[in-house]
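Look through the structure below.

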Amino acid sequence: MPVDARAHAESLLGQMRLEHKLGQMIQAERASTTPDDVARYHIGSVLSGGGSVPGANRVADWVAMNDAYWMASMREEEGRIPVPLLYAIDAIHGNTNVLGATVFPHNIGLGAARDPELIERLARLCAEEVLATGLDWTFAPTLAVVRNIKWGRTYESFSEDPAIVASYAAQYVKGLQGALDENGVIACAKHWIGDGGTTGGVDQGDTACSEEELLRIHAAPYLPALEAGVLTVMASFNSWNKEKCHASRYLLTDVLKGRLGFDGFVISDWDGVDQLDDDIATALATAINAGVDMVMVSVEWKKMLETLHRLVAEGRIPMSRIDDAVRRILEVKARAGLFERPRPAERPWANSPTFGAAAHRAIAREAVRKSLVLLKNDGSVLPVAKGARILVAGKNADNRGHQCGGFTVEWQGARSNDRIEGGTSIWEGIRAVAANAEFSEDGSAADRARHDVAIVVIGETPYAEGMGDIRHGGAVPRGSGIQTMTNLAPYGSTLVLAERHPEDLATIQRIQAQGIPVVTVLISGRPLVTNAELDASQAFVAAWLPGSEGAGVADVLFGDHEFRGTLPFTWPKTDEGEYGRVVPAFPRGFGLTLR
Ligand code: BGC
C-alpha cells in the first residue's frame, strides 16, 4: 500500500471522534438516505440496490444525485470532518441500472469465450460507463464457482471450473480499477465465500464441504483478484457448514485478511447482518467482530448506527476493531484517490458521451460473438446464407429485455425492447443483414413454400438471485437465510425446458411440421435439459444472456465470424444430480466449429 495513503488515513483517524468513525462504517441505500443524512450522520457510503434509480434514470440524473451526496459528505461545518463519500452500484455486466447503458453478456457467456484479454476490455468499458454517471464503486466481479446450476445466480458465474473463474479475476479487477486514479472505479470481489456451493443450489443456502474443498474450489479465484489489488470484498449470504459467512471470524479475519493478506475492507451484503440473529445488536456485534468493516443497509440504517454506538459503549465491540475497520475504509478511499477527486459533476468522465456509445457496443458485440456455443449442426444448416428465405420465431427473438437477463434496468431484469435503450434484439440483428427474413413470434407463419430455414430463439425469461432458483416451492433447507424472501417464488421446479417453457418446443414443432430446418438459439442463464428441443432442431446454439448487442448473434449465424465458444458448464441430460454427478449431454469444454 502506498505510504501516503496509509499516512493520510492514519492522520484522519486520529482526528475522528466516535460518531465520525461509526458513520464511515455505514452504507445506506439511496431511497432511504438524503444528502443531509450523509452530512449529519457522517455516512461513509451510499448504494443503489438493483433498480433503485434517481429521476428519469438518465446519466445526468446520476451525476447530479451523487454530486449532492458527495457535496454533503465534504461539508465543512462545526463538528464535521470532510471525507469523500463512496457510491456503489451493481455494474455487473455494464452499468446496467442506467437507461441506455452498454449491456454486455452476463458472466456465464464470458466464461464460454475463454478470453481473459476481452474481460479486461469489457471491465474497462464498464468502468467508463460507471464513471460517466459520477460513481466510484461497483459490486463486481462475482467470483462464484457455481457447482449446481439450479442456483438462480448461475449466470453471474464464469464457470463451474475454478481455473476458468480464476483466469478472469485479475483482468476484471485491473480493467475496473486501472491505475487507481480518476480513470478507474473500485472493484468488489464477491461473495466471500462458497456462494456457488450451496446444497441443492439454494440461494443463500448452506455450503457443506471440507475446508480443503472450500479453499481449492471457492477461494481459488480470489487469489489472483487479491494479487491484482482488489480494494473491497463482499461477504456472502450463504453459510459454510451451517455457520453464516457474515458471522465467521475464521473466514473473514483469519483466512481472508490474515492468511491471504487482504488489506482492503469487507462489506456485508444487503441486510445480510440482520440474518445472523433475531436480536439486531447480537447480529451486528457478531458481524463486526467477525471482520465486517462496512454494513450495507436497505432502510434501517439509523437503527444500525445507533446499535453500533450502543455496542461500542457496552464494550461488546472493542475500539481496536472499530479503528481497524475505519482505517481500512479510509485507506481504500485514499488509495483510490478519492480525496484528490473533484466533486462528481466536475470529474473528467462525468456525463461522458462514451456512455452507451458505438465503440463500447462494438466490444460488447464482439463478446456476444465469442460467447456463442454451437452444440449441434446437422447437415451443415449453419452458416445460414444471408439471401435465404428465413423465418425468425420464438419468444426471445425480438426482446432485448429477455436477452439481457436480470440486473438490467430492474433488479429482476426488463421484459421488453423499449426498456433497453440502444442495441439490437436478435431479430433486429438478423433483419439488418438478411433481406428475405420474416418474423413470426409463434412460428404460425411457417410455410415450406416460402421459407428455406427457420431461426427460433427460445429459453428463459429474466430473473435474479433466489427468484431464479429451481426448487420446489418455498421449502428451503435449514441453514439458509432465504426465509426473508419466502414471498418470492422460485423460477421453477425443473431444469427441463420443455416442462418449464412448453411454448418453446411448441414453436419449434410448429415449424418442423412444415419440413423447414430449424436453427435453435437458446437464451438462458444456465445450461438446461433440452433433449426434446435439440432433437427437433437441425442446429442448436447456446447464447446465454448476450445483453444489448443481439446483432452479435447474426454475425456468427451467417458465417461472418467463427463459432469459438466452449461450454463453461457441463450440459445436463437429466434434471437429477449435483455437480459431478450430472449425466452430461455435453461435457464442459464442448463446442463445435464450422470448419
Ligand atoms: C446481492 C449482491 C448485490 C447487493 C446490492 C444483494 O442482494 O446479493 O450481489 O451486490 O444486493 O444490490
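This is a predicted model: local features need pLDDT of at least 70, side-chain atom pairs count only at pLDDT 80 or more; totals for chains, interfaces and linings use all residues.

Residues are numbered from 1 along each chain as its sequence is written, and side-chain values use heavy atoms, with hydrogens and water left out.

**Helix H10**

Helices (H or I, at least four residues) and strands (E, at least two) are DSSP runs, numbered from the N terminus. Helix H10 spans residues 249-259. Its buried residues are Leu 251, Leu 252, Val 255, Leu 256 and Lys 257. They cover an arc of only 160° around the axis, so they sit on the same side of H10. The arc is taken from the directions that run from the helix axis to the C-beta atoms. Buried means under 20% relative accessible area, exposed means over 50%, and partly exposed lies in between (1.4 Å probe, protein chains only).

Two strands pair if DSSP finds at least two bridges between them. Five strands form an open sheet in the order E4-E3-E2-E1-E11, and the pairing is parallel. Strand E4 (137-138) and strand E11 (295-297) are the edges, each pairing on one side only. Strand E1 (residues 26-29) and strand E2 (residues 45-48) run parallel and are joined by three bridges. Ala 28 stands opposite Val 46 in E2.

**Charged pairs**

Side chains of opposite charge can pair when their charged atoms come close. A salt bridge is a side-chain nitrogen of Lys or Arg within 4 Å of a carboxyl oxygen of Asp or Glu. How many salt bridges does a search of the whole structure find? The search finds 44. The table gives some examples.

| Pair | N to O distance | Relative accessibility |
|---|---|---|
| Arg 6 and Glu 331 | 3.8 Å | Arg 6: 45%; Glu 331: 5% |
| Arg 75 and Glu 77 | 4.0 Å | Arg 75: 28%; Glu 77: 41% |
| Arg 124 and Glu 128 | 3.5 Å | Arg 124: 24%; Glu 128: 13% |

Arg 6 and Glu 331 meet in a salt bridge. Arg 6 lies in helix H1 (residues 3-15) and Glu 331 in helix H13 (residues 319-335), so the pair ties together parts that are 325 residues apart in sequence. Arg 6 is partly exposed, whereas Glu 331 is buried.

Arg 124 and Glu 128 are both in helix H6 (residues 116-132). They are four residues apart, so about one helical turn separates them. Arg 124 is partly exposed, but Glu 128 is buried.

Glu 77 is partly exposed, and Arg 75 is partly exposed too.

Salt bridges also link Asp 115, Glu 117, Arg 121, Glu 366, Lys 370 and Arg 564 in a network.

**Around Gln 403**

Is Gln 403 buried or exposed? Gln 403 is buried, with a relative accessible area of 0%. Helix H15 (residues 400-404) holds this residue. A polar atom of the Gln 403 side chain lies 3.4 Å from the backbone nitrogen of Ile 426. Contact means heavy atoms within 4.5 Å. Not counting residues up to four places away in sequence, Gln 403 touches several residues, including Thr 424, Ser 425, Ile 426, Ile 523 and Leu 545. Pro 546, Gly 547 and Glu 549 are also among them.

Note on methods: A polar contact is a pair of N or O atoms within 3.5 Å; within protein, one must be able to donate a hydrogen and the other to accept it, and residues adjacent in sequence count only if both atoms are side-chain atoms.
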